[in-house]
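These are my notebook entries on a structure that is new to me. I set down in turn what I looked up.

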Amino acid sequence: MSSHKLCMIPGPIEFHEDVLQAMATPATSHVAPNFIPVFGESIELLRQVLFTSGQPFIIAGSGTLGWDMTASNLVEAGEDVLVCNSGYFGDRFGEW
């Protein structure tokens, strides 16, 4: 039996012990002086990963939050949408 809880967002996803150790460090406040350079570096690194010079968005939440933000900014109340469903998370979007 594993010594840590199974993370299911979506998954199941197993994390290497090094990742769990890194995630166990105290969180940095978004208003802390050392947050700004770290956030800036994260945006620059994400641009490299995405091969873009545009402005990526870093969201502090799950993938579901990202899709919810996208849908809520593109769809007006009462509009019809097509939801391609392939499982649990698709079921949730179909219900909204």
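I began with Glu-44, which is partly exposed because its relative accessible area is 41%, between the cut-offs of 20% and 50%. I note at the outset that the model is predicted.

Next I asked which residue forms a salt bridge with Glu-44. I found Arg-47 as the partner, with the closest N and O atoms 2.5 Å apart. The structure holds one salt bridge, so I took this pair to be that bridge. In general, side chains of opposite charge can pair when their charged atoms come close.

I then looked up how the pair is placed along the chain. Glu-44 and Arg-47 both belong to helix 2 and are three residues apart, so about one helical turn separates them. Is Arg-47 buried or exposed? I recorded Arg-47 as buried, because its relative accessibility is 17%, under the cut-off of 20%.

I moved on to the loop between helix 2 and helix 3, where I located Phe-51. I noted that Phe-51 has a positive phi of about 50°, although it is not a glycine. Most residues other than glycine have a negative phi. Phe-51 counts as exposed, because its relative accessibility is 78%.

I found Phe-57 in the loop between helix 2 (35-50) and helix 3 (63-74). With a relative accessibility of 72%, Phe-57 also counts as exposed.

Last, I asked which residues form a nonpolar patch on the surface. I listed Phe-57, Ile-59, Leu-65 and Met-69. Together these four residues have about 380 Å² of accessible area.

How values were computed:
Residues numbered from 1 in each chain as written. Predicted model: local features only at pLDDT ≥ 70, side-chain atom pairs only at ≥ 80, totals over all residues. Heavy atoms only, no water. Patch = residues over 30% accessible without salt bridge, like charges linked within 9 Å, V, L, I, M, F, W, Y side chains within 5 Å. Areas by Shrake-Rupley, 256 points an atom, 1.4 Å probe, with all protein chains shown as cover. Salt bridge = Lys/Arg side-chain N within 4 Å of Asp/Glu carboxyl O. Helix = DSSP H or I, 4+ residues; strand = E, 2+ residues; numbered from the N terminus. Buried < 20%, exposed > 50% of the residue type's maximum accessible area, 1.4 Å probe, protein only.
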